[in-house]
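Please look through the sequence and the structure below before reading on.

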Amino acid sequence: LCVLEFCGDGVVNNDGVEECDDGNNATGDGCLPTCVLEFCGDGIVNNAGTEECDDGNTDSLDGCSAGCLTEFCGDGVVNNNGTEECDDGNAGTGDRCTPDCILEFCGDGTVNNGGAEECDDGNAVDGDGCSACITERCGDGAVNNNDLEQCDDGNTANGDGCDATCTL
């Protein structure tokens, strides 16, 4: 008995024309209905559920990794078409990278940066209690603290023209 070979008969045949033949016409199971192997980068989310995405290439940093996994803020890789400034792989704050993958900096209005900031009032104005993310205080050598100081000679000693509370 002579049986004609065809794609979908469950046997890889046809003199090497078929890359696979799983005996069905389903996609997403590793073998396309055309008996061609599914692969990451073919533009179709397939491969029996191992692909989360497939943008038609094997380039990372474009939202879909070279392994066809969705890139996201918090995955530890700076990616997503330049929308991430940083990605430290966690949802913590105060470690120089926000949970939204934005760099933390002095002047952003949040005390962060791994404990390097004492304060952050969101501006670069001196004399308002927070200067360069360091809390202004009596004895720091600058008359500041929202006009609470009359003088500041850089120390908190009495009897030197400016007393310990920065008043004359």
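With 100 degrees about the S-S bond, the link between Cys 53 and Cys 64 is right-handed. Cys 53 lies in the segment before β1 and Cys 64 lies in the segment before β1 as well, so this pair ties together parts that are 11 residues apart in sequence. The S to S distance in the disulfide that joins Cys 53 to Cys 64 is 2.1 Å, and a disulfide is defined here as a pair of cysteine sulfur atoms within 2.5 Å. Both Cys 53 and Cys 64 are buried, where buried means under 20% relative accessible area, exposed means over 50%, and partly exposed is in between, as found with a 1.4 Å probe and the protein chains only.

This is a predicted model, in which local features need pLDDT of at least 70 and side-chain atom pairs count only at pLDDT 80 or more, while totals for chains, interfaces and linings use all residues. Residues are numbered from 1 along each chain as its sequence is written, and side-chain values use heavy atoms, with hydrogens and water left out.

How many disulfides does the rule give? The count comes to 10 disulfides, and the table sets out three of them.

| Disulfide | S to S distance | Torsion about the S-S bond |
|---|---|---|
| Cys 7 and Cys 35 | 2.0 Å | about 105 degrees |
| Cys 53 and Cys 64 | 2.1 Å | 100 degrees |
| Cys 73 and Cys 101 | 2.0 Å | about 100 degrees |

For Cys 7 and Cys 35, the torsion of about 105 degrees about the S-S bond is the reason why the disulfide is called right-handed. Cys 7 is in the segment before β1 (130–131) and Cys 35 is in the segment before β1, so the pair ties together parts that are 28 residues apart in sequence.

The disulfide of Cys 73 and Cys 101 has a torsion of about 100 degrees about the S-S bond, so it is right-handed. This pair links distant parts of the chain, with Cys 73 in the segment before β1 and Cys 101 in the segment before β1, 28 residues apart. Cys 73 has 32% relative accessibility and therefore counts as partly exposed, while Cys 101, at 2%, counts as buried.

## Overall form

The protein has zero helices and two strands; helices (H or I, at least four residues) and strands (E, at least two) are DSSP runs, numbered from the N terminus. The C-alpha atoms fill a box of roughly 115 × 20 × 20 Å, taken along the principal axes. A compact globule of 168 residues would have a radius of gyration near 15 Å, but this protein has 32 Å; the radius is taken over C-alpha atoms, and the globule rule is 2.2 Å times the number of residues to the power 0.38.

Of the 168 residues, 26% count as buried. Among the contacts with a separation of 6 or more, 7% are between residues 24 or more positions apart, a contact being heavy atoms within 4.5 Å. As an example of distance along the chain, Val 17 and Gly 94 are 77 residues apart in sequence and 58 Å apart in space, C-alpha to C-alpha. Val 17 is placed in the segment before β1, and it counts as exposed because its relative accessibility is 66%.

## Single residues

Asn 144 is in the segment after β2 (134–135), and its relative accessibility of 6% is why it counts as buried. Leaving aside residues up to four places away in sequence, Asn 144 touches Gly 127, Glu 136, Arg 137 and Glu 149. The side chain of Asn 144 also makes a polar contact with the side chain of Asp 140 at 3.1 Å. A polar contact is a pair of N or O atoms within 3.5 Å; within protein, one must be able to donate a hydrogen and the other to accept it, and residues adjacent in sequence count only if both atoms are side-chain atoms.
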